[in-house]
Amino acid sequence: SIFMDLSVNPFNGEIGVYDFRKVVVYDRNGNFVRNVVCGDMASERGFFLASVELFDKYYVMNGCDYYNDDAYSIFIDENVNIVHIDGQIAEPDNLSNERPPVRLGGRDAAKAYIFDNELYILSKRTDTIFSYNNSLQKSPRYILDYGKFVGEKRVAINGVRTYESDNILLFGLFTFSNRFAFMHEYKLTMCYMVYNKRSGKTEIIPYDVSAGKYGFENDIDGSGMSFLPMAVEGNAMYQVVDSYRFIECAEHSNSAKMKAVAATLTDESNPVLVKAVLK
C-alpha cells in the first residue's frame, strides 16, 4: 500500500489513512478500528478518487469523473453505501461521460478540508467554497472574485493545500501562465494566498528564493526558514521538513533555536516537524 492522505475526524478523534484502495481507521490512541474498502466502488463508477475525509459517520471521497473531469464528493457509510453525492457543477444522480475532457493542470478533483466541525468542499471550476454540517446541510461560505479572469479557466483556486483557522484562510492560486507580476517565475503555475478574516484582506505569501518555495516569513527569531503549512489544527499550523533541508536552512539562519535543533540531526535523520501558532 502507498500512503496517500490522512484525515482526523473532529467528532470522535478517529484517524483515517487512505492508500488508493481503502481507508485504514484508527482510534485517537492509534489502535486499529476498521478497514473501509472504497477504491473498488470508485473505479466501478468511473470515479478518480483523490482523497478521503472522515467526517462524523461519513467517509467523504473527493475526486472527479474519469470521463469529463467534473469534480464530485461522494459521502459513504462504513459499509460503502452511498448516502449523498455533491457535484461541483450540478447535483447528479450518478456520474456520466456526456462531456469531453476539460482539464486545468491535471484532473479537476474536488478537494475538502474540515474546520470548526464542518466539511468544506471546493474545486477549480467553481468560484464558491461550500460547507456541510454533520446533518449534511449545505451552505455557501466563501465566494472568490476572479475579476477579469472569471470563467476563463486559466486562473483558479487549488484545493491541495487549503487550510483554515480562526483567523485565516490559506489557499493556492493556479494559472496556466504567469498572469500576475507577483509570481516568482514564469514557469511557476502556483502561488499561495492568505485571507485575513479580521481585516478582510487577501495577500500573496512571499516566495523564499533560498528555500525554493512560497512561505510565511519568519520574523520571530531572526532569519528562520519560511513556513508553508501542510496541516492546520485550530490556530496551530504544521510543516514537515526533510532533515537535510532543515540543516541547510539552519546554516544560513540567525535563529539560535534552528541551529540547536540542526546540531542534533544528520542527513539520515527523520523529517523535522515544525509547529507554528498564530496569536
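A residue is called buried when its relative accessible area is under 20%. The structure treated in these exercises is a predicted model.

**Exercise 1. Cysteines**

Determine whether Cys38 and Cys249 are buried or exposed, and state how many disulfides the structure contains.

*Solution.*
Step 1. The relative accessible area of Cys38 is 1%. Because this value is under the cut-off of 20%, Cys38 is buried.
Step 2. For Cys249 the relative accessibility is 13%. Cys249 therefore counts as buried.
Step 3. Two cysteine sulfur atoms must lie within 2.5 Å to form a disulfide. A search of the whole structure gives zero disulfides.

**Exercise 2. Two hairpins**

Describe how S3 pairs with S4 and how S11 pairs with S12, and identify which residue of each hairpin takes a positive phi.

*Solution.*
Step 1. Strand S3 covers residues 22-26 and strand S4 covers residues 32-37; five bridges join them in the antiparallel sense. Within this pairing, Tyr26 has Phe32 of S4 as its bridge partner.
Step 2. Five residues lie between S3 and S4, and in this hairpin Gly30 has a positive phi near 90°.
Step 3. Strand S11 (residues 128-132) is paired with strand S12 (residues 138-143), antiparallel and over five bridges. Opposite Thr128 stands Ile143 in S12.
Step 4. The hairpin of S11 and S12 has five residues between the strands, and Leu136 takes a positive phi near 65°.

**Exercise 3. A sheet of three strands**

Give the strand order of the open sheet that contains S19, S20 and S21, and explain why one side of each edge strand has no neighbour in the sheet.

*Solution.*
Step 1. The order is S19-S20-S21, with antiparallel pairing.
Step 2. The edges are strand S19 (231-233) and strand S21 (272-277); each has a single partner strand, so one side of each lacks a neighbour in the sheet.
Step 3. From one strand to the next, the twist averages 25°.
Step 4. Three bridges link S19 to strand S20 (residues 236-241) in the antiparallel sense. Here Glu233 stands opposite Ala236 in S20.

**Exercise 4. A sheet of four strands**

Find the order of the open sheet that contains S13, S14, S15 and S16, and name the strands at the edges.

*Solution.*
Step 1. The four strands follow the order S13-S14-S15-S16, and their pairing is antiparallel.
Step 2. At the edges stand strand S13 (155-164) and strand S16 (202-204); because each has a single partner strand, one side of each is without a neighbour in the sheet.
Step 3. The average twist from one strand to the next is 30°.
Step 4. S13 and strand S14 (residues 168-175) run antiparallel and are joined by six bridges. Asn158 is found opposite Gly172 in S14.

Definitions and conventions:
Residues numbered from 1 in each chain as written. Predicted model: local features only at pLDDT ≥ 70, side-chain atom pairs only at ≥ 80, totals over all residues. Heavy atoms only, no water. Pairing = 2+ DSSP bridges. Buried < 20%, exposed > 50% of the residue type's maximum accessible area, 1.4 Å probe, protein only. Axes fitted to C-alpha atoms, helices over the stretch in contact; angles between N-to-C directions.
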